[in-house]
Amino acid sequence: MIRARDDRLGISTSGKRENRADIPMPEVAPGANAWESGRSVQTRIEERDFSR
């Protein structure tokens with residue numbers, strides 16, 4: 001499937017991988033993937049009455 005896509009679009013996935021091989025993998029910020037641990041902060045939009 002990848003080869004067919006590359007042929008159709010005129011690109012080279014393996015060539016792109018080779019060109020990007022020297023890009024370092026960034027460190028993951030602490031808490032960035034909190035959803036993976038099963039607990040995270042969630043916001044919600046809710047209509048509320050208010051008085052002035």
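Leaving aside neighbours within four places in sequence, which residues is Asp6 in contact with? The answer is Ile11, Ser12 and Thr13, where contact means heavy atoms within 4.5 Å. Before we go on, please keep in mind that this is a predicted model, in which local features need pLDDT of at least 70 and side-chain atom pairs count only at pLDDT 80 or more, while totals for chains, interfaces and linings use all residues. Residues are numbered from 1 along each chain as its sequence is written, and side-chain values use heavy atoms, with hydrogens and water left out.

**Overall form**

- The protein has two helices and zero strands; helices (H or I, at least four residues) and strands (E, at least two) are DSSP runs, numbered from the N terminus.
- Its radius of gyration is 22 Å, whereas a compact globule of 52 residues would have one near 10 Å. That radius is taken over C-alpha atoms, and the globule rule is 2.2 Å times the number of residues to the power 0.38.
- Along the principal axes, the C-alpha trace spans about 65 × 30 × 25 Å.

**Surface and charge**

- Of the 52 residues in the protein, 4% are buried. Buried means under 20% relative accessible area, exposed means over 50%, and partly exposed lies in between (1.4 Å probe, protein chains only).
- The accessible surface comes to about 6000 Å², and carbon and sulfur atoms account for 50% of that area. Areas come from the Shrake-Rupley method with a 1.4 Å probe; for residues, only the protein chains shown count as cover.
- There are 10 positive and 9 negative side chains, and the centres of the two sets lie 3 Å apart. Lys and Arg count as positive and Asp and Glu as negative, with His and the chain ends not counted; each charge is placed at NZ of Lys, CZ of Arg, CG of Asp or CD of Glu.

**Around Asp6**

- Asp6 sits in helix α1, which covers residues 2-9.
- Asp6 counts as buried because its relative accessibility is 10%.
- Asp6 also forms a salt bridge with Arg5, with the closest N and O atoms 3.2 Å apart. A salt bridge here is a side-chain nitrogen of Lys or Arg within 4 Å of a carboxyl oxygen of Asp or Glu.
- Arg5 has a relative accessible area of 32%, so this residue is partly exposed.

**Salt bridges around Glu46**

- How many salt bridges does a search of the whole structure find? It finds three.
- Arg44 pairs with Glu46 in one of them, the closest N and O atoms being 3.1 Å apart.
- Arg48 forms a salt bridge with Glu46 too, at 3.2 Å between the closest N and O atoms.
- Arg44 counts as exposed because its relative accessibility is 70%, and Arg48 is exposed at 65%.
- Glu46 has a relative accessible area of 41%, so Glu46 is partly exposed.

**Val28**

- Val28 is found in the segment after helix α2 (13-19).
- With 59% relative accessibility, Val28 counts as exposed.
- From C-alpha to C-alpha, Val28 and Glu47 are 36 Å apart in space, and they are 19 residues apart in sequence.
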